[in-house]
Structure formats: structure tokens, C-alpha cells
Amino acid sequence: MAASMELFCWSGGWGLPSVDLDSLAVVTYTRFTGAPLKVHKITNPWRSPSGTLPALRTSHGEVISVPHKIITHLRKEKYNADYDLSARQGADTLAFMSLLEEKLLPVLIHTFWIDTKNYVEVTRKWYAEAMPFPLNFFLPGRMQRQHMERLQLLCGERRPENEEELEKELYQEARECLTLLSQRLGSQKFFFGDAPASLDAFVFSYLALLLQVKLPSGKLQAHLRGLHNLCAYCTHILSLYFPWDGAEVPPPRQTPAGPETEEEPYRRRNQILSVLAGLAAMVGYALLSGIVSIQRATPARTPGTRALTMAEEDEEE
């Protein structure tokens, strides 16, 4: 019997089944299609088989870590939310997906990872509290730098000299994108009628993050909350497909003492590696910043101990 598929994704918070845009899109798609997955909601990306989240381990042991590729694999396994779409609807899906990535994704990154108040009070706070020690000391900052690089790639050459101008332009385009989505949805339950498709999974992941999180600086939130059909759309998907999800990070489950489970050795290995990596990072930072310095002392040697001292130096090198 073939092994079941396993999905590794960021844990839930802010009233959502996952706090991460890509993880939320993939989890939503799997709920739409009813794909039989064992879902691991975690707060340590190093526990993922790819070292990133989301990641899918297929029934054949292959690991896929790009959201679009994960969904493509699920389609090949006959879990296809777009099966009944016409050619025209398929073309519309591609067009709206490009629109989301070009107009809405840059502002979503800016809102959660670049805006100082939102990052400090919401984004970094959640990840620092959810991640295990010592990853919570350096991974949120690394993730922020990765999102900054991604935003630069998305903006490309469209970068005015004034950062305020760029921000104003990005938010204006995002508001227009939200308005267009609202007009396209109209009074329908989903974008292509009464059944959800892959486009709904991605649109929901963008909108739900903007709607659910209490942001101290919510420039786009007010506009989205004024589009009542989009708000009702998100509420409908949450209540229908995630009635028991969205809680904050659950406390660790108490397991009875007994033989190790199949995953226990790997869990212990990952915990040890996490601690060692964190300690190495902190020691490296201390050395590079000059907080700690190492000076080699040369003690006086007696003839009788010369051979022993040379052996010790060889081991150190």
C-alpha cells in the first residue's frame, strides 16, 4: 500500500488556519478538493523535508516546495478543483492570478514585512513567540530580508527615486485590484459559480490575511472592508471549510511514556540541530562584532612535556 501524502505548512493564528500566504493557499486548495493529506502545521521550517514551508511529500517520497507545483501535483493525482472550468474560465484564472501577483502581492509583503509598526507589533511578534528557541532570535529577521528581496524583484525597474512615491503607487494599484475582484465576484458564492476553483484558494489567502489580522497600520484594510461582497466571501469560506481551524498555536500535546514513535528520532535530531545552529549563529555574531575576542597564550614549556603539548596543538588544528 502506497504511503499517504503529507503537507507541511505554517501553523495557524489570527483566526486563520495558517499565517503564511503560500501555506494558506495550498491548505485551502486541499480543503476544496478533499485531497487525503496528513497535514503538519508547524512553526519550525527546519522540520519540513525541504527546509521551507509549505512542502508536500508525495506518496512516492518526492518533496515539492513551490505552491503552484504542489497544486499541479494534486491535479495529476485527480484532485482538481478546476476540472469543470471552461477554456474561457481557465484563461480568466491565469489572468487573475497574474493580477494578484503583480498588484496585490507587493502590498501584502509591504504591509506585513516592510511597514515598521506592522512588522514589529504583529508579524515579528507572532513568529518570535511561535518559533522554538533559538530560531526565534534570528529567523524572523532572515525572513524579513527574504521578503524585502522578493519585493524588489516584483517591483523591478518600476522604482521611483522617492520611496513614498513608490509606496503610494503600489497601494493605489492594490485598491484598484481589490475593486476589480469585487466587481468580478458580484453576488456569486465563488468566482466561477457555486463551486470553488484554484483561483478562489489564492484570492482567499490574500484577502483573509488582510481582513483577519489586527494591523496598527492598515492602509488597505479599510478599503477592503468597504467591499462587502469580498468580506462575506472570506467569511463564507472560513465557516464552510475551516470551522475548527484558525486557533492560535496549540500547546504541545502530552504523550504517554513509552517506546519512541517512528518520527521521534527525527524530532530529537531536529531539536538538537536547531540548538546547535542557534548557538553557532550567536557565537559567530559575537566574534564578528568584537564582543568576544580570542587570544592565544603561549605558556612556558618544560622539556618533559614537549611531546604532549605538540599532540594537543595538532588536535586543536
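Analyst: Helices here are DSSP runs of H or I with at least four residues, strands are runs of E with at least two, and both are numbered from the N terminus. Histidine 73 has its place in helix 2. The model is predicted, so local features need pLDDT of at least 70 and side-chain atom pairs need 80 or more, while totals for chains, interfaces and linings use all residues. Residue numbers start from 1 along each chain as its sequence is written, and side-chain values use heavy atoms, without hydrogens or water.

User: Why is histidine 73 called buried?

Analyst: Buried means under 20% relative accessible area, exposed means over 50%, and partly exposed is in between, with a 1.4 Å probe and protein chains only. Histidine 73 has 10%, so it counts as buried.

User: What does histidine 73 touch?

Analyst: Contact means heavy atoms within 4.5 Å. Leaving out residues up to four places away in sequence, histidine 73 touches Met5, Leu56, Thr58 and Ile64.

User: What else is buried in helix 2?

Analyst: Helix 2 spans residues 67-76, and its buried residues are Pro67, Ile70, Ile71, His73 and Leu74.

User: How do you know on which side of helix 2 they lie?

Analyst: Take the directions from the helix axis to the C-beta atoms; the arc is theirs. These residues cover only 155 degrees, so they sit on the same side of helix 2. The face turned away from that side carries the exposed residues Lys69 and Lys76.

User: Which elements do the buried residues of helix 2 pack against?

Analyst: They pack against strand 1 (5-10), helix 1 (21-33), strand 3 (55-57), strand 4 (63-64) and helix 7.

User: What makes lysine 78 stand out?

Analyst: Lysine 78 is not a glycine, yet its phi is positive, about 75 degrees. Most residues other than glycine have a negative phi, and most peptide bonds are trans. Lysine 78 lies in the loop between helix 2 and helix 3. Its relative accessible area is 73%, so lysine 78 is exposed.

User: How do you know whether tryptophan 14 is buried or exposed?

Analyst: Its relative accessibility is 16%, so tryptophan 14 counts as buried. Tryptophan 14 lies in the loop between strand 1 and helix 1. It also has a positive phi, about 60 degrees, although it is not a glycine.

User: Which peptide bond has omega of about 0 degrees?

Analyst: The bond joining leucine 53 and proline 54 does, and it is cis. Proline 54 is in the loop between strand 2 (37-42) and strand 3. The bond from phenylalanine 133 to proline 134 is cis too, with omega near 5 degrees. Proline 134 is in the loop between helix 4 (116-130) and helix 5 (135-155).

User: How many aromatic pairs are there?

Analyst: Rings of Phe, Tyr and Trp (its six-membered ring) pair if their centres lie within 6.5 Å; planes under 30 degrees apart are stacked, over 60 edge-to-face, and the rest tilted. By this rule there are 12 aromatic pairs.

User: What kind of pair do phenylalanine 133 and phenylalanine 137 form?

Analyst: Their planes are 85 degrees apart and their centres 5.5 Å, so by the cut-off of over 60 the pair is edge-to-face. Both phenylalanine 133 and phenylalanine 137 are exposed.

User: Which residues form one aromatic cluster?

Analyst: Trp10, Trp14, Phe112, Trp113, Tyr119, Trp126 and Tyr127 do.

User: How do you know that lysine 219 lies over the face of tyrosine 171?

Analyst: A charge sits over a ring if NZ of Lys or CZ of Arg is within 6 Å of the ring centre and within 35 degrees of the ring normal. Lysine 219 is at 5.4 Å from the ring centre and lies over the face of tyrosine 171.

User: What does histidine 110 touch?

Analyst: Not counting residues up to four places away in sequence, histidine 110 touches Asp115, Glu167 and Tyr171. Histidine 110 is in helix 3 (residues 87-114). Its relative accessible area is 10%, so histidine 110 is buried.

User: Which residues have the most contacts inside the largest nonpolar core?

Analyst: A nonpolar core is a set of buried Ala, Val, Leu, Ile, Met, Phe, Trp, Tyr and Cys residues joined through side-chain atoms within 4.5 Å. The largest one has 83 residues, and Leu100, Leu104, Leu181, Phe204 and Tyr233 have the most contacts inside it. Helix 7 (residues 198-212) gives the most to this core, with 11 residues. Among the residues that leucine 181 touches are Phe96, Leu100 and Leu104.
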